[in-house]
Amino acid sequence: MYSKLSYLFSGIQVLWGLAIVIPSIALSIRRLHDVGRSGWWFLINLVPVVGGIVFLVFTLMASDGANKWGEPAKA
C-alpha cells in the first residue's frame, strides 16, 4: 500500500521533529528568562487554550533589562 519512499520521508520527518524540539524548548526558556520569568512557566503550555495564550503574552513582553539570569540577549 505505501511505498518505501513514503516510509523514508516519514522517518526523516520524525528525525527532523526530534532534532528541533530541544532547541525550541531552550529558546522558549531563554525568552522567559529575558522577561524575568522562570523557565518552569514553559509548562503553562500544557493547559489547554489559555496556557498557549498566556505563554504568547509572556514571550511578547518587553525585556526588563538585567535580571537574576543575566543580561537579555539584545543587550
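This is a predicted model: local features need pLDDT of at least 70, side-chain atom pairs count only at pLDDT 80 or more; totals for chains, interfaces and linings use all residues.
Side chains of opposite charge can pair when their charged atoms come close. The structure holds 1 salt bridge, and its partners are the side chains of R30 and D34, with a nitrogen-to-oxygen distance of 3.3 Å. Both residues belong to helix α1, where they sit 4 residues apart, or about one turn of the helix. The two partners can also be described by their accessibility. R30 has a relative accessible area of 39% and is partly exposed, whereas D34 has a value of 9% and is buried.

Helix α1, which spans residues 4-34, also includes S28. Is this serine buried or exposed? S28 counts as buried because its relative accessibility is 17%, and the cut-off for buried is under 20%. A polar atom of the S28 side chain lies 3.0 Å from the backbone oxygen of S24. When neighbours within four places in sequence are left aside, S28 is in contact with F42 and F55.

Which residues make the nonpolar patch of about 450 Å²? The patch is formed by V47, V49, V50, I53 and V57. One of these residues, V57, is found in helix α2, which covers residues 50-60. With a relative accessible area of 46%, V57 is partly exposed.

Conventions. Residues are numbered from 1 along each chain as its sequence is written. Side-chain values use heavy atoms; hydrogens and water are left out. Patches are made of residues with over 30% relative accessible area and no salt bridge: like charges are joined within 9 Å, nonpolar side chains (Val, Leu, Ile, Met, Phe, Trp, Tyr) within 5 Å. Accessible areas come from the Shrake-Rupley method with a 1.4 Å probe; for residues, only the protein chains shown count as cover. A salt bridge is a side-chain nitrogen of Lys or Arg within 4 Å of a carboxyl oxygen of Asp or Glu. Helices (H or I, at least four residues) and strands (E, at least two) are DSSP runs, numbered from the N terminus. Buried means under 20% relative accessible area, exposed over 50%, partly exposed in between (1.4 Å probe, protein chains only). A polar contact is a pair of N or O atoms within 3.5 Å; within protein, one must be able to donate a hydrogen and the other to accept it, and residues adjacent in sequence count only if both atoms are side-chain atoms. Contact means heavy atoms within 4.5 Å.
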